[in-house]
Amino acid sequence: MATKIRLQRFGRKNYAFYQIVIADSRAPRDGKFIERIGSYNPNTNPATIDLKFDRALYWLQTGAQPTDTTRTILSREGVYLKKHLLGGVKKGAFDEATATARFEAWLQEKKSSLQKVKDDEREQKKATSKARLEAEKEVNKAKTEALAKKRADLAAEVAAKAKEEADAAATEAAAKEETAPAPAPAEETPKAEESTPAE
């Protein structure tokens, strides 16, 4: 029976993730499988891979053929490198300690590069959020200035209207005073004529 290392699709539309499985090459993509050896989620950055390393290595050594995508995943996780190093040990090119040291060095380098990608993404997110915050501050400042101007204009308008009304009231009062009849002067009571003594 020819075995393949392939992906089984899960998830919803526009958000697919996959299980890495060992299956008969004649089985349909999402059909029966022999063993599940991991999962692959391409929706994150970098993609999240959870792999049973030893089982993947075992199946590669027993002749399971990976699909193109799973070959890339296994290569990225170092399964192919480990297989190559174990082949070198079998041929006597170097001992197992050297093979393990080389693999560990590669693993450390890979971890540091992955961490760098994550740090860069985090920094980019920070810069984006900071730029968005600055833009929002500018918009809020412009809105505040516009509101203050509007309030000042409204206050000036109210003051002008009040002054206009006061002027109109003063003019009206002055007009009333002019048209009102002048009060009649009080009549003087005639003084009693002083009687002069007859001579």
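## Terms and basis of the model

Two strands are said to pair if DSSP finds at least two bridges between them, and the strands themselves (E, at least two residues), like the helices (H or I, at least four residues), are DSSP runs numbered from the N terminus. This is a predicted model, in which local features need pLDDT of at least 70 and side-chain atom pairs count only at pLDDT 80 or more, while totals for chains, interfaces and linings use all residues. Residues are numbered from 1 along each chain as its sequence is written, and side-chain values use heavy atoms, with hydrogens and water left out.

## Overall plan

The protein has four helices and five strands, and from the N terminus on these elements run β-β-β-β-α-β-α-α-α. Of its 199 residues, 21% count as buried, where buried means under 20% relative accessible area, exposed means over 50%, and partly exposed lies in between (1.4 Å probe, protein chains only).

If one takes the contacts (heavy atoms within 4.5 Å) between residues at least 6 apart in sequence, 40% of them join residues at least 24 apart. The protein exposes about 15,500 Å², of which carbon and sulfur atoms supply 54%; accessible areas come from the Shrake-Rupley method with a 1.4 Å probe, and for residues only the protein chains shown count as cover.

The five strands form an open sheet in the order 4-3-2-1-5, with mixed pairing. Strand 4 and strand 5 (65-66) stand at the edges, each with a single partner strand, so one side of each is left without a neighbour in the sheet. Helix 1 packs on the sheet, touching strand 1, strand 2, strand 3, strand 4 and strand 5, and its direction makes about 115° with that of strand 3; here axes are lines fitted to C-alpha atoms, for helices over the stretch in contact, and angles run from 0 to 180 degrees between N-to-C directions.

Strand 1 and strand 2 pair in the antiparallel sense over 10 bridges. Along this pair, leucine 7 stands opposite isoleucine 20 in strand 2, isoleucine 5 has isoleucine 22 as its bridge partner, and arginine 12 stands opposite tyrosine 15. Two residues lie between the strands of this hairpin, in which asparagine 14 takes a positive phi near 65°. Strand 2, with seven of its 10 residues buried, is mostly covered, and strand 2 also pairs with strand 3 in the antiparallel sense, over five bridges, with tyrosine 18 opposite tyrosine 40 in strand 3. Strand 1 and strand 5, by contrast, pair in the parallel sense over two bridges, and lysine 4 stands opposite glutamine 65 in strand 5.

## The nonpolar core

A nonpolar core is a set of buried Ala, Val, Leu, Ile, Met, Phe, Trp, Tyr and Cys residues joined through side-chain atoms within 4.5 Å. Of the 17 residues in the largest nonpolar core, Ile5, Ile20, Ile37, Tyr40, Leu51, Leu74 and Val79 touch the most other members. Strand 1 (3-12), strand 2 (15-24), strand 3 (35-41), strand 4, helix 1 and helix 2 each supply at least two residues of this core, and helix 1 gives the most, with four residues.

Isoleucine 5 shows how such a residue is surrounded: leaving aside its neighbours within four places in sequence, isoleucine 5 is in contact with several residues, including Ile20, Ile37, Trp59, Leu60, Pro66 and Leu74.

Helix 3 (residues 79-91) has 13 residues and reaches 19 Å from its first C-alpha to its last, close to the 18 Å expected at 1.5 Å a residue, the expected span being 1.5 Å times one less than the number of residues. In helix 3, Val79, Lys82, Leu85 and Gly88 are buried, and the buried residues of this helix pack against strand 4 (48-51), helix 1 (53-61), helix 2 (68-77) and helix 4 (96-179). After helix 3 comes glycine 92, whose phi is positive, near 85°.

Lysine 110 has its place in helix 4. Is lysine 110 buried or exposed? Lysine 110 counts as buried, because its relative accessible area is 16%, and, apart from its neighbours within four places in sequence, lysine 110 is in contact with Arg76 and Glu77.
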